[in-house]
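Please have the structure open as you read.

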Amino acid sequence: MTAVQLTPQDTVERGLALAAAEGADGCVVLVAETSSTNLRWANNTLTTNGAMRGSSVTVIATVGAGKGTAAGVVGRSSVTEDSLREIVSAAIATARAAGPAEDARPLVDGTASADWDLEPEVTSVGVYEKFAPSLGESLRRAAAEKRRLYGFANHEVATLYVGSSTGLRLRQALPRGYVSSTGKNADLSHSAWVGTATRDFTDVDALALDGELTRRLGWASRTVSVDAGRHPTILPPAAVADLMTYLFWQLDGRDAFEGQTVFSKAGGGTRIGDTLSSQPVTLHSDPALAGLEAFSFAVARSSGGSSSVFDNGLTLAATDWIRGGKLEHLMTSRYTADLIGAPTATPDIENYVLSVDGASGSTDDLVTGLDHGLLLTCLWYIRVVDPQTLLLTGLTRDGVYLVENGEVTGAVNNFRFNESPVDLLSRFGAAGTTVPSFSREWGDYLSRTATPPLLIPDYNMSSVSQAS
């Protein structure tokens, strides 16, 4: 007998009905439908392309009331009508076996969004209609010039349905995509990298990306050895995103309240209200940011830190995490907002913009203004050394260049670095215009970012790296 596949809306409604029939006091059902397509190339040849579909269901059941409310969470992929009943029963059993949840709050009220009845959105290889021809031309050009190109392009659409026993019915579809491309010279002795994020690939020009790779490989025709130490260093937007995404992920209110992070106040509490930088720096999130749109409501498949399953469907608002150099907010659920004394909950939003008031110009403009120093491409193997200062260590990758008298004059060796992104917000000497950026290290997870290029007058290259 063929298993019955349910629509996302039917899954939500039947899940809620099953939970009520089995005695749950409350229930939230999340259904995520994903559609993705990708291209991969190596040695100047398109090697693979593919398309995938995925589906997952999470059931959150609650039993009890008030401070005695307990929650059980069970999730699975590719759910059928029969397996949905098993998931709901398992979630209720888990809730009954659990103690009262410390983060228990009334489930979010609401009604059906106007697009609730729509089907999940899908993507296809057709999204590359403009990009693919220019990619093909760049592969041919690289072969003719005895360069080698390697890379990956990915596009996905996630459609999320959230329904609760309080009447909430929300749907939102979000596209995102990115390109990551590496160029190497003929003998593979030098490499360069470029990457960009996009919503639909209509704004991605593979020939322009290849032009930048060609320029960077040209810089590497001369190589210079540079010792470790503190060097004036330009971080392009991608490298800034490599570091600032880590800072963004540390904005957890509970972790700060418990003394675990750079945002913890000595003696207890958080540093909300403290000045982190004397520079006019703002770190901002907004689910409605044009080109960086994110889910407009809270989504939580588990509780912990700044996340609570009781907050599913909570409306997200534009939030300044840092404004004018001062820490304004930390990420909180309704529970952790009460815990740390914040006036309102400010859950995680899946985008951010780092900006510097009055800053203008590009990475190239910063290069023009630098007498002697280094220009980075991106960073990788980033790890925390000291969470209390957010001291990070990692390696430079795919191009570190020497700048002399306002021009790039060659490539230098790679380095291990030790730096805190919080400190860098105070120490940068110049900044450019904030532009959409794609982190080489973290872009697979968080690609909705915008950052400026920064000049750090004393970036700490702690040792020379043999990585190539």
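Phe295 is buried, with a relative accessible area of 15%. Buried means under 20% relative accessible area, exposed over 50% and partly exposed in between, with a 1.4 Å probe and protein chains only. The model is predicted: local features need pLDDT of at least 70, side-chain atom pairs count only at pLDDT 80 or more, and totals for chains, interfaces and linings use all residues. Residues are numbered from 1 along each chain as its sequence is written, and side-chain values use heavy atoms, with hydrogens and water left out.

**Aromatic pairs**

- The structure holds 16 aromatic pairs. Rings of Phe, Tyr and Trp (its six-membered ring) pair if their centres lie within 6.5 Å; planes under 30 degrees apart count as stacked, over 60 as edge-to-face and the rest as tilted.
- Tyr178 and Phe438 are stacked, because their ring centres are 5.1 Å apart and their planes meet at 20°.
- Tyr178 sits in strand 5 (residues 169-184) and Phe438 in the loop between strand 20 (435-437) and strand 21 (449-451), so this pair ties together parts 260 residues apart in sequence. Helices (H or I, at least four residues) and strands (E, at least two) are DSSP runs, numbered from the N terminus.
- Both Tyr178 and Phe438 are buried.
- Phe295 pairs with Phe297 in a tilted arrangement, at 6.1 Å centre to centre and 45° between the planes. Phe297 is buried too, at a relative accessible area of 5%.
- One aromatic cluster is formed by Trp41, Tyr128, Phe131 and Phe201.

**Helix 3**

- Helix 3 (residues 131-144) has 14 residues. From first C-alpha to last, helix 3 reaches 20 Å, close to the 20 Å expected at 1.5 Å a residue. The expected span is 1.5 Å times one less than the number of residues.
- Its buried residues are Phe131, Ser134, Leu135, Gly136, Ser138, Leu139 and Ala142.
- An α-helix has 3.6 residues a turn, so residues three or four places apart point the same way.
- The cover over the buried residues of helix 3 includes strand 1 (26-42), strand 2 (45-63) and helix 4 (206-219). Contact means heavy atoms within 4.5 Å.

- An open sheet of six strands runs in the order 11-10-9-12-21-20, with mixed pairing. Two strands pair if DSSP finds at least two bridges between them.
- Strand 11 (326-327) and strand 20 are at the edges with a single partner strand each, so one side of each has no neighbour in the sheet.
- Strand 9 (residues 281-285) and strand 12 (residues 352-356) pair antiparallel over four bridges. Val281 stands opposite Val356 in strand 12.
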